[in-house]
2 protein chains.
Amino acid sequence: MKRVAAIYLVLVLIFGLYVIQYLYKDTRGPVIQEGIKGSIDEKYVMVTFQAGIEYWKSCLKGFEDAAEALNVSVEYRGATQYDLKEQITVLEHIIARKPAGIALSAINPQELSSTIDKAVEAGIPVVLFDSGAVTSKAYSFLATDNVQAGVAAARKMADILSGSGKVAVITQPNQLNHQERTQGFMETIRKEFPRIEIAAVEDGKGDSLSSKMTMLEVLRNHPDLSGVFVTYANGGVGVAEALSVRQDAGRVKIVSFDTDKQTLDLVKQGTISATMAQGTWNMGYWSLQFLFHVKHGLAKPGSSANQGVSTLPPYVDTGITVVTGENVDRFYAK
Amino acid sequence: MKRVAAIYLVLVLIFGLYVIQYLYKDTRGPVIQEGIKGSIDEKYVMVTFQAGIEYWKSCLKGFEDAAEALNVSVEYRGATQYDLKEQITVLEHIIARKPAGIALSAINPQELSSTIDKAVEAGIPVVLFDSGAVTSKAYSFLATDNVQAGVAAARKMADILSGSGKVAVITQPNQLNHQERTQGFMETIRKEFPRIEIAAVEDGKGDSLSSKMTMLEVLRNHPDLSGVFVTYANGGVGVAEALSVRQDAGRVKIVSFDTDKQTLDLVKQGTISATMAQGTWNMGYWSLQFLFHVKHGLAKPGSSANQGVSTLPPYVDTGITVVTGENVDRFYAK
């Protein structure tokens, strides 16, 4: 009897083993649902120029955050200088390695197209961020709408001046993005704030010393100036110096652009009233999402899912945030 | 001895049970990596007006495709008519149920703002697609850039006419989106195609009968017309009828808008040379992605990840595809 009992026990345990193994097998299926997820050996590359400057840090952070969320890898490359040939060489090297995708900020809107097209034709997805290349075959362009940035700057200026006063614009009139910032600013002042007068629009030539000189000249011609919009970060720094020389700091309000450390420090100490932060994190984050979507066939030209409609949104406005003393601390690079 | 052997066997089997259970427990951990993934009880709602029309089908398909990829649920609701009050009521009901997010096509650019803001203030993420509401607190707007759509239409027209001829535009001059399509078309013709003359810009009043009458009038005044751009689908159908009445079909080339079945049939039989397909799938797909990102804190205002920069891209151009006889089959609703 005892032998029979032991044999029964063994049979019951074997059955138990089978049941447990079966249960685990069965539950593992439905538990593992993929979501949107890649593999860690998929490498996406971000390519810039003047690759060491602070401006790209937050773009790269967005790119990395998306990579972490999607379980893929990223790499950062770029021309070290402001040098077209160097960026083309860097890009050629990357294409030869066949990465999963390339997010490129183009140093020049025309001259990179044939290299970009070569990548696309080799089956490597390419999107452009920050600086575009209009005629290329890249799938999408993710960047600031500079006209809207000018609109936001105008509204902030009017807010600071309580809707009346004399203002100037210091800009770089030969660059499209700066033309657009100026245009958005001027149109909005004229349309929405009839008691604000635009007294001067001047070329600050891009560096802080020239911008300081330009501002001193503007102040000589318009001693009753109450505000100045500067469309580039160096200019804001230069204008702040001009005002401190004349001990006008505080009376003339500055609205500047971008969020490098010097500008943020000046916002923090109140010399610059506000600065326009570009949506650089968005540029990086959604660039990687778009590349991933093409790579994984989630968005595909001519697929039945999208009825032949273009693979990705051709343009994304990555947005502007107004930085003042109240929120400046959140903008220092981590 | 046999009893001892049986006991050993039992012990070995018990140990085996333990080991198997342990192994399964251990391997389940690392196998499950989340990617970007929600849970099926998260419900996102798409809200439209004239909810039964064909136009929304592909928007909803994009919304559903994103939901499937992200493992969440969706629901489709809307005002049955072109009725502001009905849409507000529908929206109020949905807000009361606290869904995970709302993608709304606003019937009116002003009157829905307070209801939208109520949703946002209740912690429900809201994005707008196709038709916006400029002053609301919605996080983003995903829609066609209608100026760009006009640009694409002009280039296609010039291509069809080999760069020379007399053209007309039939539009709805009181609606912003139609003004923009007309503007993009006219500016591009003037700038890029000096041998094309714009002979007339007329109000087709939105329905196919009025558009037919308008076209007949235009043809009386300009019997040598070689092309017409119509900024709305009904208009393309009406213009095609006008041409068939006069047996001018084939000589006067039509570039139309949107991809309802009647328009696609006319493209297929060659009466309409080309029509502009909006990126409706993109509207739905990226609306859900954006809502999901806010809901899951992947994009969050003021988080350290994005250094305080605005939560989501404020605007996405969902794109235009030119539909001709060559690719028309891919645009019929599945």
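In the predicted model, Asp224(A) is partly exposed, with a relative accessible area of 46%, where partly exposed denotes the range between buried, under 20% relative accessible area, and exposed, over 50%, as computed with a 1.4 Å probe on protein chains only. The residue lies in the loop that connects helix H7 (208-221) and strand S8 (227-230) of chain A, helices (H or I, at least four residues) and strands (E, at least two) being DSSP runs numbered from the N terminus. Leaving aside residues up to four places away in sequence, Asp224(A) touches Lys166(A) and Arg251(A), contact meaning heavy atoms within 4.5 Å. The C-alpha atoms of Asp224(A) and Ser39(A) are separated by 62 Å, the two residues being 185 residues apart along the chain. Residues are numbered from 1 along each chain as its sequence is written, and chains are lettered from A and ligands numbered from 1 in the order in which they are written. Because the model is predicted, local features need pLDDT of at least 70 and side-chain atom pairs count only at pLDDT 80 or more, while totals for chains, interfaces and linings use all residues; side-chain values use heavy atoms, with hydrogens and water left out.

An open sheet of 12 strands, with mixed pairing, contains strands of chains A and B in the order S2(A)-S1(A)-S3(A)-S4(A)-S5(A)-S11(A)-S11(B)-S5(B)-S4(B)-S3(B)-S1(B)-S2(B); two strands are taken to pair if DSSP finds at least two bridges between them. Strand S2 (73-78) of chain A and strand S2 (73-78) of chain B stand at the edges, each with a single partner strand, so that one side of each is left without a neighbour in the sheet. On average, neighbouring strands of this sheet are turned by 20° against each other, direction ignored. Within chain B, strand S4 (residues 126-129) and strand S5 (residues 141-143) pair in the parallel sense over two bridges, and Leu128(B) stands opposite Phe141(B) in S5(B).

Helix H10 (residues 280-295) of chain B lies across strand S1 (43-48), S2, strand S3 (101-104), S4, S5 and strand S11 (315-317) of chain B, running at about 165° to S4(B); angles run from 0 to 180 degrees between N-to-C directions, and axes are lines fitted to C-alpha atoms, for helices over the stretch in contact. Ser287(B), which is found in this helix, is buried, with a relative accessible area of 0%. Its contacts, not counting residues up to four places away in sequence, are with Phe63(B), Ala103(B), Val127(B), Phe129(B), Leu142(B) and Asn282(B).

Strand S10 (residues 274-278) of chain B is largely enclosed by the rest of the structure, because five of its five residues are buried. Both faces are covered, with Ala274(B), Met276(B) and Gln278(B) buried on one side and Thr275(B) and Ala277(B) buried on the other. Strand S9 (residues 253-257) of chain B runs parallel to S10(B), to which three bridges join it, and Phe257(B) stands opposite Met276(B). Strand S12 (residues 320-323) of chain B pairs with S10(B) in the antiparallel sense over four bridges, with Met276(B) opposite Val322(B).

In chain A, the axes of helix H3 (residues 84-96) and helix H4 (residues 113-121) come within 10 Å and cross at roughly 5°. H3(A) and H4(A) are therefore roughly parallel to each other, a description applied to angles under 35 degrees, with those over 145 counted as roughly antiparallel, 65 to 115 as roughly perpendicular and the rest as oblique. Ile88(A), Leu91(A), Glu92(A) and Ile95(A) of H3(A) make the contact with Thr115(A), Lys118(A) and Ala119(A) of H4(A).
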